[in-house]
Amino acid sequence: MTAHQAPRWLRWPSDTSRGRLAFGADYNPEQWPPEVWQDDVRAMRRAGVNIVSLAIFSWARLQPRADRWAFDWLDQVMDLLHENGIAVDLATATASPPPWLTTAHPEILPVDHDGRTLWPGARQHWRPTSPVFREHALRLVRAMAERYGGHPALAAWHVNNELGCHNVYDFSDDAAAAFRTWLRKRYGTIERLNRAWATTFWSQEYGAWEEILPPRLAASYPNPTQQLDFKRFSSDALKDYLRAERSVLTELTPEIPVTTNFMVMGETKGMDFADWARELDFVSNDHYLLTGPQAQDELSFSANLTGMLAGGEPWFLMEHSTSAVNWQPVNLAKRPGGMARDSLTHVAYGADAVCFFQWRQSAGGAEKYHSAMIPHAGTDSEVFRSIVDLGATLEALAPVAGTRRRRAAAAIVFDWDSWWASELDSHPTSRLRYRQEALDWFSAFAAAGVRVDVIGSADDFSHYDLLVAPVLYVVPRALADRLSAYVADGGHLVTTYFSGIVDENDHVWLGGHPGALRDLLGIRIEEFGPLLDGDRADLDLGVSGTLWSDRIDVTGSDVKVVASYTSGDQAGRPAITTRPVGTGSASYVSTRLGPEGLRPVLSLLLTTSGVRSELPAAVAGAVELAVRTGDDADYWFLINRTDESVVVDGVAGEVLRGPCLAAGLTLGPRQVCVLRRPHGS
Ligand code: GLA
Ligand code: GLA
């Protein structure tokens, strides 16, 4: 899939190719006797469910022995769903190898960083690079495609499940062999690898490929470039596995689209989904609300980033939760309206499918306390009633299906290489969290009521008036050139502490920091000034920084000091600088200000770049706006971020969902309103 080509979408069994939003769940009928299946489909119809993901963890049931297959039960379920007008996103069922396989082939089990085997008993206990696992898994994929490729309920293939959820980093001998092959391809010669890895340091020079290992438990810090390359390799290894399953599927059923569920969420960082996205016919994501003060912003940020991976095209929300999960330290139930707001926020950022883990809450097993569409209490429950209500809402939102993201005027750059490399060990601070910094900027935009796109470092910057690149630590020469060109063309760039520091091999750009961006920013830093936990550095802007500060020398005669430090080691020195370049500018923020502290800074940047809120000033911050665009209209999603009612005045449009527009529009706590605004009106 490329960014500018509409992706393939579900193959609906009936004729409505695009005209509806998908609604459903992971369906695990093997956990229930067949009598319950009848109740299931009846309740699915009541709720308006039109798709389910099936067979995700069914390997042991489908292939109870190496030489025995048992498809009858799945045949029945597929038929039953089809008779009831419910389409199937069918998993290849490879996510959890059955006990007979791991008993016969313990060599498929992953090995962790410390050399410990990850034994069976949970799920995803397989090495991404194991040829033995691959042989057995692809046999199953082939069997599934042969059996169900022609089934009328089949709408899409779902490769494995959450690839890399538990097994992205495998340090086994299989991984070592595959890592060497990957390195040979990247570097060609051992000399080039030695240079890239700076192996003159600590006597690490390699004489032969066979000497190279994954960065296993070592006596001290493993070579950082080896660590970074191992992260790149591990993401690639799983991508390669994804492609292997996909090629079997496309060989046998070229007309059925292929997807897999990403985990664009929180600190899940092992997989470079920006790189994986092009392997799929459409992008899917799983997202779970994370407890904390930025929970809603994190959801919006993730949904926004998923939209970027989908190239602005619609994507599939494969899983989220109706209420509590079971895997956080404390698992909170959602408040009234919370589930619908979460679901519709995903739709606002491009989801054309709203699905949950899972349909019916399990009575046994590790996830029995995880919410579902039908909870333990049954259909006579608030959760199920709110599901029925959501089904009706999604039906009313059918006109939104197929519409694209309407680009914002500002963007936040999100880059996996910088995420991986900036958080490696033996750095000025171990406290830095790359994604958190990007999220804090997103929160500041949300508080200002300004739409912002999350984009990748390879995306075209020229669409944006304001570009925020927080902690852009890895800046290869070509990226530095693109950022300079962006500013020279009138763009307003802002970057932060620990940006522009190293090249793609994690080698420091010399001559003073931030090497790759030094001239563009017109500043020079000789020493970093990280801050101890609890320490703050105050700025004359009335905000305080934590985590980091820099000893900045201004080198460009045209550079303006926007804010200075008033306390700490850098007192009297610049904290925030900006360098006007023609009609553009390049700004630098040298400390962590957090979502609140960034607000006044962002306000200045918005003024400079001319980027404005599209919302009435009275509700900016309380209401989040996301916009989708279709052939004849825009769709405005007004999301009440607060737990209070908010009155929105002065926004016109036809209400597709939400309270009526009379004198004004009152959004109840956590409520979402969707307005249709015809083009040119
Ligand atoms: C992931 C998995 C599901 C389930 C949920 C629980 O999304 O794909 O199988 O474990 O997490 O939140
Ligand atoms: C010890 C080692 C040095 C160096 C320093 C770093 O002193 O002998 O090689 O690693 O620690 O502080």
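Figure 1. Strand β25 pairs with β27 (residues 672-678) in the antiparallel sense, over 3 bridges. Strands here are DSSP runs of E with at least two residues, helices are runs of H or I with at least four residues, and both are numbered from the N terminus. Two strands count as paired if DSSP finds at least two bridges between them. Strands of a sheet pair through backbone hydrogen bonds, either parallel or antiparallel.

**Figure 2. The open sheet that contains β25 and β27.** This sheet has 5 strands in the order β10-β22-β23-β27-β25, with antiparallel pairing. Its edge strands are β10 (404-405) and β25 (654-657), each of which pairs on one side only. Within the sheet, β22 (residues 623-629) and β23 pair in the antiparallel sense over 7 bridges. These two strands, β22 and β23, form a hairpin with 3 residues between them. Val627 stands opposite Trp636 in β23. On the β27 side, 7 bridges join β23 to β27, and the two run antiparallel. There, the bridge partner of Ala633 is Pro678 in β27.

**Figure 3. The two faces of strand β23.** Strand β23 (residues 633-640) is mostly covered, with 8 of its 8 residues buried. Buried means under 20% relative accessible area, exposed means over 50%, and partly exposed lies in between (1.4 Å probe, protein chains only). In a regular strand the side chains alternate between the two faces of the sheet. From β23, Ala633, Tyr635, Phe637 and Ile639 point one way. Asp634, Trp636, Leu638 and Asn640 point the other way, and the residues of both sets are buried.

**Figure 4. Strand β1 between two parallel partners.** Strand β1 (residues 22-27) has 6 of its 6 residues buried, so it is largely enclosed by the rest of the structure. β1 and β9 run parallel and are joined by 4 bridges. In that pair, Phe23 has Val354 of β9 as its bridge partner. β1 also pairs in the parallel sense with β2 (residues 51-54), over 4 bridges. Here Gly24 stands opposite Ile51 in β2.

**Figure 5. Two cis peptide bonds.** The peptide bond from Phe357 to Gln358 is cis, with omega near -5°. Gln358 lies in the loop between β9 (351-356) and α12 (382-396). A cis peptide bond also joins His513 and Pro514, where omega is about -10°. Pro514 is in the loop between β14 (492-496) and α16 (518-521).

**Figure 6. Two residues with positive phi.** Glu162 has phi near 35°, a positive value in a residue other than glycine. Glu162 is found in the loop between β4 (154-158) and α6 (173-187). Is Glu162 buried or exposed? With a relative accessible area of 8%, Glu162 is buried. Ala198 has phi near 50°, again positive in a residue other than glycine. Ala198 sits in the loop between α7 (190-196) and α8 (224-252), and is partly exposed at a relative accessible area of 31%.

**Figure 7. Gly597 in helix α17.** Gly597 lies in helix α17 (residues 594-609). At 7% relative accessibility, Gly597 counts as buried. The C-alpha atoms of Gly597 and Ala219 are separated by 40 Å, and the two residues are 378 residues apart along the chain.

**Figure 8. The setting of the close-ups.** The protein has 17 helices and 27 strands. Its radius of gyration is 26 Å, close to the 26 Å that the globule rule gives for 681 residues, so the protein is as compact as a globular protein of that length. That radius is taken over C-alpha atoms, and the rule is 2.2 Å times the number of residues to the power 0.38. The C-alpha trace spans about 75 × 75 × 45 Å along its principal axes. Buried residues make up 60% of the 681 residues.

**Notes.** Residues are numbered from 1 along each chain as its sequence is written, and chains are lettered from A and ligands numbered from 1 in the order in which they are written. In this predicted model local features need pLDDT of at least 70, side-chain atom pairs count only at pLDDT 80 or more, and totals for chains, interfaces and linings use all residues, while side-chain values use heavy atoms, with hydrogens and water left out.
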